[in-house]
Amino acid sequence: MKKMIGWMLLAFMAVAAQAQIFTPVTWEFGLNDSGSAEKELLFTATLENGWHLYDMNLPEGGPVSTTFTFETVKGAELVGAPSATTRPTTVFDELFDMELRWFGGKVTFVQKVKVTDPKKFAISGEVEYMACNDENCLPPERESFSFGAGQLTTATAAPAEDKPDVTPDATRVAADSLAVVPEEAPAGAREKETVPSTVTDNREWWAPVVSELKAYDDTTVSAADTSWFIIFITGFIGGLIALLTPCVWPMIPMTVSFFLKRTKNRKKAIRDALTYGASIIIIYLLMGLLITAVFGASALNDLSTNAIFNIIFFALLVVFAISFFGAFELVLPASWTNKMDAKADTTTGLLSIFFMSFTLVLVSFSCTGPIIGTLLVQAASMGTAVGPAVGMFGFALALSIPFSLFAIFPSWLQSMPKSGGWLNSVKVVLGFLELALALKFLSVADLAYGWRLLDREVFITLWIVIFVLLGMYLLGKIKFSHDSDVKYVSVPRLFMAIVSLAFAMYMVPGLWGAPLKAISAFAPPLYTQDFNLYNNEVHAAFDDYETGMAYAAKVHKPVMIDFSGYGCVNCRKMEASVWTDPKVKQIIENDYVLITLMVDDKTKLPEPITITEHGKTRKLKTIGDKWSYLQRSKFGANAQPFYVLLDNAGKPLAPSYAFDENVNKYIRFLQEGLRNYKAERK
């Protein structure tokens with residue numbers, strides 16, 4: 001029973017491992033010619049760190065043993081059986097209820113042969129093996145080998161015997177083997193596939209192609225980072241939301257009235273109010289620039305998937321949400337506000353107005369702080385060095401507009417809604433939204449490090465609960481301590497409740513694998529979902545650049561490189577809204593070899609790779625570092641998603657493609673690459 005369970009678990013691990021292409025074992029074959037009739041065939045396996053290769057002749061019911069099959073033996077005789085030159089590691093495995101033996105690092109197997117006819121000497125066959133690590137077991141694989149007369153350095157032969165050349169069936173070969181060599185395959189008929197282990201092993205595939213992309217009038221590699229606009233819009237929306245909080249809204253009529261009463265000259269009062277708005281923009285802009293200066297561009301780029309920072313962001317947003325729910329108030333020390341207020345009273349002119357705007361920033365912090373914090377977190381996670389400054393500019397611009405407009409048109413002040421309980425309701429709604437957004441940052445860290453704590457169905461379940469509770473709050477069914485009594489449900493609250501509850505219902509099918517395109521940018525990808533009835537998503541065949549390129553050359557297909565990331569919002573959007581289109585799916589799966597490279601994969605490389613970039617020496621320590629360097633050095637880009645079509649020599653077949661959810665445009669992009677690949681082969 002234990003053995004059966006062990007095999008079931010092993011099969012499950014093998015299937016799970018196929019989602020990623022591992023090549024942990026590299027084989028080398030050689031012949032040791034002693035000068036006598038007896039020679040040694042050498043089979044050397046080199047394993048990556050953490051992987052092991054099972055020994056020969058394991059008991060029945062255990063993992064697949066390493067087995068050598070000699071299909072053709074001419075001009076020679078096998079002497080004995082293969083043997084390992086090193087002692088295997090022996091452990092008792094409770095799962096299989098037996099002792100298992102394996103090798104790690106590097107191991108050489110030796111098969112002795114006696115040459116009977118040097119001119120006819122030919123031996124070929126294959127080795128079947130199975131490799132595992134602490135997490136995965138790969139399906140059994142086979143590697144072909146062949147030895148010929150050209151490898152003999154002497155013509156010494158054993159005395160001839162009246163025996164025909166034979167092809168002994170030395171071992172039993174499984175019928176479902178992954179690779180089979182024809183029995184009479186000549187020596188060298190199959191080339192051994194090797195995967196480069198460093199970025200310099202295949203210079204052709206890593207050679208920069210920026211000029212070739214520009215020859216296609218590629219706008220992606222030379223365009224400015226479009227995420228700036230997204231960050232600006234995000235900041236602007238954040239500023240508009242901040243206006244509706246209890247800390248800022250009441251200050252608009254008070255501040256504008258102060259400027260209008262400060263001087264009888266209306267033009268001067270309007271000018272002062274405009275200066276006040278400009279001062280707000282300058283303060284927040286300086287704050288954003290200070291963030292960039294303190295952390296640096298590279299650090300901000302790393303924040304997007306750094307586990308510690310993402311967990312801090314998650315905790316920070318949860319604290320903000322609890323504050324908005326009324327558990328406590330986030331306020332700066334009163335001494336800071338008093339000092340700024342005193343400065344505003346004692347100074348004159350523009351300096352006085354600047355200190356007044358600084359006072360507004362400090363006084364309103366309890367409401368704007370969580371919004372600003374969320375904005376800065378989002379700006380940093382987009383990996384743009386000036387993102388915080390751009391986001392803060394958008395936030396401050398939206399915050400300053402009403403002060404300026406009401407100063408120019410003071411009569412509008414009379415039509416402003418009065419402060420009341422509705423402002424507290426705004427804070428609570430923001431609290432729910434902060435809580436939902438917090439899960440996004442926890443999910444990014446969870447994906448990047450493979451913890452699998454917040455899989456897609458768990459994430460969706462939590463969002464459903466959050467938005468159901470939000471809808472119930474808007475209907476007055478839930479009440480917090482600082483809320484006013486809701487005597488009736490207003491029309492705006494009713495419609496907001498309908499939207500929230502409808503959104504929660506929309507997410508329910510996602511528990512069974514529905515793509516949920518509306519939240520694809522926030523939810524974990526579909527492959528993290530355990531129970532999935534939806535089978536229309538596209539999965540990459542390879543997650544290693546060199547392995548995928550080698551396979552594409554073998555099957556004569558063009559390559560589509562998908563530079564993605566676990567924390568890439570727009571990548572999830574493209575996968576959910578574009579790749580699921582039937583025609584796009586058909587082209588990618590049938591006509592291309594898809595290679596997805598996660599630039600934020602935190603899996604450690606077997607050994608750090610030292611590279612020189614822009615005159616500086618640095619080390620690539622993770623798989624994500626390696627793919628990020630590939631994107632920068634070869635294609636001159638660093639934003640995701642980034643799609644590029646390559647021929648088998650690593651040259652582009654069309655201009656690259658960035659974030660654009662136009663399905664027809666994406667189809668034209670794929671078709672152009674196919675046309676150019678076919679023309680190139682002709």
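Val-486, Val-489, Val-491, Leu-494, Phe-495 and Ile-498 together make a nonpolar surface patch of about 520 Å². Patches here are made of residues with over 30% relative accessible area and no salt bridge, with like charges joined within 9 Å and nonpolar side chains (Val, Leu, Ile, Met, Phe, Trp, Tyr) within 5 Å; a salt bridge is a side-chain nitrogen of Lys or Arg within 4 Å of a carboxyl oxygen of Asp or Glu, and accessible areas come from the Shrake-Rupley method with a 1.4 Å probe, only the protein chains shown counting as cover for residues. This is a predicted model, in which local features need pLDDT of at least 70 and side-chain atom pairs count only at pLDDT 80 or more, while totals for chains, interfaces and linings use all residues. Residues are numbered from 1 along each chain as its sequence is written, and side-chain values use heavy atoms, with hydrogens and water left out.

With a relative accessible area of 40%, Val-486 is partly exposed, a class that lies between buried (under 20%) and exposed (over 50%), using a 1.4 Å probe and protein chains only. Val-426, in helix α13 (residues 421-448), counts as buried at 18% relative accessibility, and its C-alpha atom is separated by 9.0 Å from that of Phe-324, 102 residues apart along the chain.

Turning to the sheets, an open one of 3 strands has the order β13-β12-β16 with mixed pairing, two strands being paired if DSSP finds at least two bridges between them. Its edge strands are β13 (593-598) and β16 (642-646), each pairing on one side only. β12 and β13 pair in the parallel sense over 6 bridges, and Phe-563 has Leu-597 as its bridge partner in β13. Ser-564, in strand β12 (residues 559-564), is buried with a relative accessible area of 0%; beyond residues up to four places away in sequence, the contacts of Ser-564 (heavy atoms within 4.5 Å) include Cys-571, Thr-596, Leu-597 and Gln-640.

Another open sheet has 3 strands in the order β4-β9-β11, with antiparallel pairing. Here β4 (67-74) and β11 (141-148) stand at the edges, each with a single partner strand, so one side of each is left without a neighbour in the sheet. β4 is joined by 7 bridges to the antiparallel strand β9 (residues 122-129), in which Val-127 is the bridge partner of Phe-68.

Key: Helices (H or I, at least four residues) and strands (E, at least two) are DSSP runs, numbered from the N terminus.
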